[in-house]
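Please look over the sequence and the 3D structure shown here. The briefing that follows covers a pocket and the pairing of charged side chains.

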Amino acid sequence: MKLIPATTEQDLNRVRNLYMVSFPDSERKPFDMILAMHETGNADILMMMDPDFSGLLITMKDDGLLLIDYLAVDPAIHSQGHGSRALTAFEALYPGQRVVLEIENPDKAPEGSPGHRRLSFYQNNGFAVMNTGIRLFDVPMKLLVRNGSVTYEDYKAFLIRRLGPWANEHIYPDD
């Protein structure tokens, strides 16, 4: 598995198409926003190549913290280890970097739901659950971190720096 930057229009179209089918409207940022952050160096748009295009990994980055904003595997090849291999390749690209991500809060979902499977997947790939729950666009979420820890305040400040002050209105603690 290799993670390579999406640089050509064809690459970006592949990523955009998978992005659109992999995430519900309520969880998607406008793709133009992601492209703008990428162009300013505040995000990476990576393609999973295993050996062909098999998925995407989109980050937001800041001094000392990386957010895995989106990770998706082509639905035709789900459950074949591509996601785990991508996270291993990601660790090699950013060794020792503190990495955070959000998942739907599995405590608020039925046992065996996608949120429970997602939590197990990330825990099996070295992520730890932080104690603070958050509400992101009114969706209950959990923060997971690899290579360190992050507080709610760190996370929110990061998003305000990357997404602007509107983030202050859409992110709050969920106790």
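**Pocket and salt bridges**

Strand β4 gives the most to the lining of the largest pocket, with seven residues. This is a predicted model, in which local features need pLDDT of at least 70 and side-chain atom pairs count only at pLDDT 80 or more, while totals for chains, interfaces and linings use all residues. Residues are numbered from 1 along each chain as its sequence is written, and side-chain values use heavy atoms, with hydrogens and water left out.

**The largest pocket**

- The space in the largest pocket comes to about 1,200 Å³.
- On a 1 Å grid over the protein atoms alone, a pocket is an open set of points where a 1.4 Å probe fits, with protein on both sides within 12 Å along at least five of seven lines; lining residues have an atom within 4 Å of a point.
- Grid points are joined across faces, edges and corners, and the volume is the space filled by probe spheres set on the points.
- The lining comprises 44 residues, and Phe23, Leu71, Glu104, Arg118 and Tyr122 lie nearest the centre of the pocket.
- At least two lining residues come from each of α1 (9–22), β4 (65–73), α3 (82–93), β5 (99–104), α4 (114–124), β7 (139–146) and α5 (152–163).
- Helices (H or I, at least four residues) and strands (E, at least two) are DSSP runs, numbered from the N terminus.
- The lining has 27 nonpolar, nine polar and eight charged residues, where Ala, Val, Leu, Ile, Met, Phe, Trp, Tyr, Cys and Pro count as nonpolar, Asp, Glu, Lys and Arg as charged, and the others, Gly among them, as polar.

**Salt bridges**

- The structure holds 10 salt bridges, each being a side-chain nitrogen of Lys or Arg within 4 Å of a carboxyl oxygen of Asp or Glu.
- Lys29 pairs with Asp69 in a salt bridge, with the closest N and O atoms 2.8 Å apart.
- Because Lys29 lies in the loop between α1 and α2 (31–39) and Asp69 in strand β4, this pair ties together parts that are 40 residues apart in sequence.
- Both Lys29 and Asp69 are buried (under 20% relative accessible area; exposed is over 50%, partly exposed in between, with a 1.4 Å probe and protein chains only).
- Glu91 and Arg146 form a salt bridge through their side chains (3.3 Å, N to O).
- Glu91 belongs to helix α3 and Arg146 to strand β7, so the pair ties together parts that are 55 residues apart in sequence.
- Glu91 is partly exposed, at 22% relative accessibility, whereas Arg146 is buried, at 9%.
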